[in-house]
Amino acid sequence: SPPGADMSSRAGLVLAEVDRAGAPQLLTAGRVIRLAADGTTMPAQALLLACDSSNLSASAAGEWLTIAPAMLAAGSATVVTTLYPILDITSDHDPIMAAAVEGRDLRAAVRTLQRTATAAWDSGSKRADLADTPLV
C-alpha cells in the first residue's frame with residue numbers, strides 16, 4: 001500500500017499465517033525490525049521476488065526503510081528484491097531460484113541470469129523472449 005500521511009510504509013509481503021480474524025499478516029519493514037530486536041535471526045540471504053517487493057511507490061514518496069533495507073538492517077547479508085513484476089522464467093532452470101534452494105550466492109545468480117538474458121536478447125535468438133529484455 002502507499003505510504004501514509006506520516007510517510008511510513010505500510011506495505012509488506014503477505015505470509016501464509018493469518019490473525020485471529022483469518023486475515024493474512026503482512027511482513028512489513030517494521031515487523032522485520034521488531035523480529036530482529038526480539039532476537040529472531042534473519043536469513044543470511046533473502047529472496048523477495050514478488051511484484052514490487054521493493055515497494056518503489058513508498059520509496060519514491062520519501063520512505064527509505066522499506067522491506068528490503070529492513071532485511072539488511074535486521075541482519076541479512078544479501079537481499080534480492082524487485083521493482084517490477086517478475087515474469088515467469090520460460091526455461092526449466094531459473095538460476096536465481098536454483099541458487100536460493102541450493103544455498104549459493106544470490107548475487108552471482110542474478111548476474112548469471114542477466115548475462116544470459118542479455119546475450120539472448122543481443123543475439124536476436126529465437127529463444128529470446130520478454131523475460132530477456134533489458135527492462136527485466
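At 19% relative accessibility, Val79 counts as buried (under 20% relative accessible area; exposed is over 50% and partly exposed lies in between, with a 1.4 Å probe and protein chains only). This is a predicted model, where local features need pLDDT of at least 70, side-chain atom pairs count only at pLDDT 80 or more, and totals for chains, interfaces and linings use all residues. Residues are numbered from 1 along each chain as its sequence is written, and side-chain values use heavy atoms, leaving out hydrogens and water.

Val79 sits in strand S4 (residues 78–81); helices (H or I, at least four residues) and strands (E, at least two) are DSSP runs numbered from the N terminus. Its C-alpha atom is separated by 8.1 Å from that of Pro69, 10 residues apart along the chain.

Val79 is among the residues with the most contacts inside the largest nonpolar core, which has 13 residues. Such a core is a set of buried Ala, Val, Leu, Ile, Met, Phe, Trp, Tyr and Cys residues joined through side-chain atoms within 4.5 Å. H1, strand S3 (45–48) and helix H3 (67–73) each give two or more residues to this core, and H3 gives the most, with four residues.

Here are the contacts (heavy atoms within 4.5 Å) of two residues, leaving aside neighbours within four places in sequence:

| Residue | In contact with |
|---|---|
| Ile67 | Leu13, Leu27, Ala29, Val32, Leu48 and Ser53 |
| Val79 | Ala46, Leu48, Ala68, Met71 and Leu72 |

Now to H1 (residues 29–37): Ala29, Arg31 and Val32 are buried there. They cover an arc of only 165° around the axis (taken from the directions from the helix axis to the C-beta atoms), so they lie on the same side of H1. Exposed Arg34 and Ala37 are carried on the face of H1 turned away from its buried side.
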